[in-house]
Amino acid sequence: MMQSGGAWEISFALAPAHRQGQYQGFFGTGTAVARMLGPVLLTTLIIGWGTVGWLLLGGMFLLAGLVNGPVVRWALARRPEQGTAVAAAGAPAVQC
């Protein structure tokens, strides 16, 4: 639930009001890419590389988790001041 809510907020809060559709379309491609490349990556790492693959996979998850907050804060700090649909509606901004 938290991941879904966070992804929803990030995908809308970072988009300029006049480009919501473009941002949502691009954001949605992440799921398609993960479904396409995920099985190949996991098969190669886990079966092909064994313990090293598990450690590498864990490291990738750890890295992704650690950089997510700083990257979102950086993106929010550099977005145009024109506002977004979420901000214009009076909803709270993303807090990381």
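Predicted model: local features only at pLDDT ≥ 70, side-chain atom pairs only at ≥ 80, totals over all residues.

User: How many helices and strands does the chain have?

Analyst: Helices (H or I, at least four residues) and strands (E, at least two) are DSSP runs, numbered from the N terminus. Here the chain has four helices and zero strands, in the order α-α-α-α from the N terminus. Of its 96 residues, 19% count as buried; buried means under 20% relative accessible area, exposed over 50%, and partly exposed in between (1.4 Å probe, protein chains only).

User: What span does helix H2 reach, and what span is expected?

Analyst: The expected span of a helix is 1.5 Å times one less than its number of residues. H2 (residues 20-49) has 30 residues and reaches 41 Å from first to last C-alpha, close to the expected 44 Å.

User: Where in H2 does a kink lie?

Analyst: The bend at a residue is the angle between axes fitted to the seven residues ending there and the seven starting there. In H2 a kink of about 40 degrees lies at Leu37, shortly before the proline Pro39. The buried residues of H2 are Gln20, Leu45 and Ile46. After H2 comes Gly50, with a positive phi near 65 degrees.

User: How many aromatic pairs are counted?

Analyst: Rings of Phe, Tyr and Trp (its six-membered ring) pair if their centres lie within 6.5 Å; planes under 30 degrees apart count as stacked, over 60 as edge-to-face and the rest as tilted. The count is one aromatic pair. The ring centres of Trp8 and Phe12 are 4.6 Å apart and their planes stand at 50 degrees, so the pair is tilted. Trp8 is exposed, at 55% relative accessible area, whereas Phe12 is buried, at 18%.

User: Which helix gives the most to the nonpolar patch?

Analyst: H3 gives the most, with three residues. H2 and H3 (51-77) each supply at least two residues. Val52, found in H3, is exposed, with a relative accessible area of 53%.

How values were computed. Residues numbered from 1 in each chain as written. Heavy atoms only, no water.
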